[in-house]
Amino acid sequence: MSTDSTRSTPTEVTQGGSVTSKPDPKHDLKSLPMAEVLKQLDTSPEGLTQAEAAKRLTMYGPNEIAEHKTNPLLKFLSYFWGPIPWMIEVAVILSGVVGHWPDFFIILVLLMANALVGYTEERQAGNAIDALRAKLAITARVKRGGEWVTPAARDLVPGDVIRLRLGDIVPADARLLDGDEIEVDQSALTGESLPATCAPGAAVFSGSIIRRGEIGALVYATGTRTYFGKTAELVAGAHTVSHFQKAVLKIGNYLIILAAVFVSVIVLVSLLRGDAVLTTLQFALVLTVAAIPVAMPTVLSVTMAVGARLLAKKKAIVSRLVAIEELAGVDVLCADKTGTLTQNSLTLGAPFSVDTATAAEVILAGALASRADNEDPIDLAVLGGLDDKSELDPYTIGHFEPFNPVDKRTEASVTGADGKSFKVSKGAPQVILALAGDSAKITPAVEGAVNEFAARGYRSLGVARADGQDQWKFLGVLALFDPPREDAKTTIATAQAMGVSLKMVTGDAIAIAKETAAKVGLGTNILDAAGLGDVKKEETPARARAIETADGFAQVFPEHKYHIIDVLQQRGHIVGMTGDGVNDAPALKKADCGIAVSGATDAARAAAAIILLTPGLAVIIDAVKESRKIFQRMNSYAMYRIAETLRVLLFVTGSILVFNFFPVTAIMIVMLALLNDGAILSIAYDNVHFKMKPEAWNMRMVLGIATVLGVVGPIAAFGLFYLCDKVFGLGRPQLQTMMYLMLSVAGHLTIFLTRTRGPFWSIRPARILLMAVLGTQAVATLIAVYGLFMTPLGWGWAAFVWAYAIIWALVSDRIKLLAYRILDPTKSTPAHDDATLAKGATAPKSDSTARPSQ
């Protein structure tokens, strides 16, 4: 990409009678003196007005990179390219060569219809994902008309003044204004592993992450004019293949091999019997097409997209579709305490003061070391502890150092009404004690106060002051209380009933963690994270087991989160992890399902697979329930697809080998496939009950049940064939129509068998599924009764087929239940819906056992 992309164009553009000049491309805006940059951009440190920003947005365009969109016509034509379409197209050509014109036209129409359905459904899925991605668009803090506002980052224009804070993704190329140095992580852009220190005047580039500090900045390039040409992507592609999708695709490969074996036998036998080569080859191709799961990619994309929309309604935005399958299998959830288990609405209690300092002086010093416009919950709580906000009026803040995870404190340089300057600082008590010159003398008393506050569930903040060049003097300890969320206890009980072991993760002291854990219904087996190893350390089996069985972890640093996840994963768990800070990003990426909580930084959202829009644990549990339902739908589809392929292949091959009779024609097979694919798409919307344990892909169970149903089907079909051929003496053409209707009706009834583990009536099917099946079977019945491209069957025989198919479906359902008892003799955890869980359905508390092997 050209380096000129950071420079602007000199053209003058008239907007509504006024002339606005674009910057001169001869000057590099990332290195010119700031005064010159301000002149070039025709702006000031006070930013732009709303009107001027609107003009520039029209001039420069949105601050985004336009995605490459595939031509809709080319996309549609792509459905005619590939192994499966090639087979259908060859069948069309062979039909024309042998002069089977009805076959030629019907197969051609069905080929077009299949492409149209696939194109339409995938486009709808893509539109759904685009809508979800739009919800994740980052915002920016911008000074417009002298006030700070938070428009979408895409609305930024050159000349805007923005505010960058810890954890922000830089939304556009910008030059830093006056302030302290900051640290910027440009690893995603440059590959540099260490953050770069940037001083005022330095350029920061779109897509980099603020790792330390905060500062104002002047935007000088947006959109395609940025240094790297694009902003950081917050949402991964919608076509990521999950473990579950890979498993289903393995089933597809299995079915293709199965089809190839059976079709090869049919071709060989037909040629040995002297059948017409072209007719045999055409039939073999069509049979192969029917056996191969043509609709599988469409069903997968539609089901996942529908699931993503359902999760969005639960206020959980999926940034990577792979997260849906992973979330269904999560058996350990490591949840932040603040904001997830607690309300994140801190209140200030009575402080502890040292020596001659009064409680009011401790609170005032803490308030001076706070900043309201950062909207930090701790700062707001301390400021809220002042009796009167006017107490701050006599003081002027000269310099403010915001909190960062390394120093664990804030610091402000203050000038009083008398002109004297001093410094104040607040932060972790042990950090503030280390600053103070009199720490040795007061440490026992301070630690006693901190422990007493912790035992009552209060967080502690140390406060210190330094006058002039004097050493820091410890003033006292502020006590902050964050009450548990009202729904936390109930939600945790629900999670445990669903087989999810919840572990609290907090940076607070052990005493606070235990107190909070007890209040929300967690156990009090809390580990001190200070004793954990680093990322590369191998824990002993005993220590790993302690991590696995712990109810939570206290005094946790970001690197501890990563290590905890690593240990749990090594012990076979599927781990979910919540986070909100920039330093949580590695742990969120490491987790099987990283969850950025409400209010998380841009960096955390970028690393997470799921982003929550509301606070609390309940939304996570709702998302787990929904993902398990999605898994169930995919599981039902897999069993149905295998059973149907076996049914058709076994019956057709057996008829040809034993009776030397083609029980269905090529057109019948193609229509069977089309009607099946049309109805099965509706399974993405089916009613299902989520299981009360984490989902695991059980290939033995799926193949076993599908095989049983796939073998019972041909037995029923051969029974009907025998009755109508030997007993009722139907002619072969009419018999073919009857077998077509039998395969169609019985096949669709199989959907209702595979969708439930219990009797088929145990879960009411969704109306859309019911209507889809009834609709396609009405079409199939009319085709058979009136003989469209086949011999007419008549209403009497059609009714007989329906009655026969329903009786065998009832028999198959009982055989299915027996197969489940044989394949899974241990009683499985029953499935539940939200209603039964709301009534108090419980299950034994998870014992943190590893996820079953896949």
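Predicted model: local features only at pLDDT ≥ 70, side-chain atom pairs only at ≥ 80, totals over all residues.
Q: Before counting anything, what counts as a helix or a strand here?
A: Helices are DSSP runs of H or I with at least four residues, strands are runs of E with at least two, and both are numbered from the N terminus.

Q: What share of the residues is buried?
A: Of the 854 residues in the protein chain, 54% are buried. Buried means under 20% relative accessible area, exposed means over 50%, and partly exposed is in between (1.4 Å probe, protein chains only).

Q: Which residues of H16 are buried?
A: They are Ala488, Thr491, Ile492, Thr494, Ala495, Gln496 and Ala497. That is seven of the 10 residues in helix H16 (residues 488-497), so H16 is largely enclosed by the rest of the structure.

Q: What follows H16?
A: Glycine 499 does, and its phi is positive, near 80 degrees.

Q: New topic. How do H18 and H19 cross?
A: The axes of H18 (residues 541-549) and H19 (residues 558-570) come within 10 Å and cross at roughly 100 degrees. Axes are lines fitted to C-alpha atoms, for helices over the stretch in contact, with angles from 0 to 180 degrees between N-to-C directions. H18 and H19 are therefore roughly perpendicular to each other, a label for angles of 65 to 115 degrees; under 35 is roughly parallel, over 145 roughly antiparallel and the rest oblique.

Q: Which residues meet there?
A: Ala544, Ile547 and Glu548 of H18 meet Ile564, Val567 and Leu568 of H19. Contact means heavy atoms within 4.5 Å.

Q: And serine 270, where is that?
A: Serine 270 is in helix H7 (residues 243-272). Serine 270 is buried, at 1% relative accessible area.

Q: Which residues does serine 270 touch?
A: Leaving out residues up to four places away in sequence, serine 270 touches Asp275, Thr280, Ile656 and Phe662.

Q: How many disulfides?
A: The count is zero, taking a disulfide as a pair of cysteine sulfur atoms within 2.5 Å.

Q: Is cysteine 593 buried or exposed?
A: Cysteine 593 is buried, at 0% relative accessibility. Cysteine 198 is buried at 7%.

Note on methods: Residues numbered from 1 in each chain as written. Heavy atoms only, no water.
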